Amino acid sequence: MAEQKQADNKLKNMNISICGDVCSECPRYIATRSNDIGELEKVAELWFRVGFRDSVVSAGEMQCNGCNRQKPCGYGLNRCEQSGKGNNCGECPSFPCAKVDAVLEKTDRVAEECKTKCSATEYELLRRAFFGKREILTKISRTVKPGE
């Protein structure tokens, strides 16, 4: 029971986007928060290499302070009729839904592709930030809807 409470508290302290990305683990977010232009340039190259961007963009274009409902969402989740019912999809009473399932399937495919396009260290950074969506949203859903 104490372990579950500790895990729940850890989730509450993470900056989690609507789709389950962990902004506080994202190299782009971390570099922005520390105003590390050199690191943002490295992240821009990584984003291009793994296919997150069509070209290497400037450090200024890479800056990110995390997702919110007002920013465009590549998955369209912030336009969901249910999106106002929580901070992320795990808090939604309809979780999991077809829209989230499509996001999770795409994330799984991208995670596999990234294994061949980056180093083990880079992959681990991306895994912690982006590739744990399913697990994170499911854990959040269980804390919001215990017993299900």
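The model is predicted. Phe 130 has 13% relative accessibility and counts as buried, because the cut-off for buried is under 20%.

Next I checked the rings. My search of the whole structure returned 4 aromatic pairs. One of them joins Trp 47 and Phe 52. I read 5.2 Å centre to centre and 85° between the planes, so this pair is edge-to-face, given that the class needs planes over 60 degrees apart.

How exposed are the two partners? Trp 47 is buried at a relative accessible area of 3%. Phe 52 comes out at 25% relative accessibility, so I logged Phe 52 as partly exposed.

I then went back to Phe 130. Trp 47 and Phe 130 also form an aromatic pair, again edge-to-face. Their centres are 5.9 Å apart, and the planes make an angle of 75°.

Where do these two residues sit in the chain? Trp 47 belongs to helix H3, residues 37-50. Phe 130 lies in the loop between helix H6 (120-129) and helix H7 (133-144). The pair links distant parts of the chain, 83 residues apart.

I noted one aromatic cluster made of Trp 47, Phe 52 and Phe 130.

I counted 7 helices and 0 strands. Of the 148 residues, 41% are buried. Among contacts with a separation of 6 or more, 59% come from residues 24 or more positions apart. The accessible surface is about 9,000 Å², and carbon and sulfur atoms hold 49% of that surface.

Definitions and conventions
Residues are numbered from 1 along each chain as its sequence is written. This is a predicted model: local features need pLDDT of at least 70, side-chain atom pairs count only at pLDDT 80 or more; totals for chains, interfaces and linings use all residues. Side-chain values use heavy atoms; hydrogens and water are left out. Rings of Phe, Tyr and Trp (its six-membered ring) pair if their centres lie within 6.5 Å; planes under 30 degrees apart count as stacked, over 60 as edge-to-face and the rest as tilted. Buried means under 20% relative accessible area, exposed over 50%, partly exposed in between (1.4 Å probe, protein chains only). Helices (H or I, at least four residues) and strands (E, at least two) are DSSP runs, numbered from the N terminus. Contact means heavy atoms within 4.5 Å. Accessible areas come from the Shrake-Rupley method with a 1.4 Å probe; for residues, only the protein chains shown count as cover.
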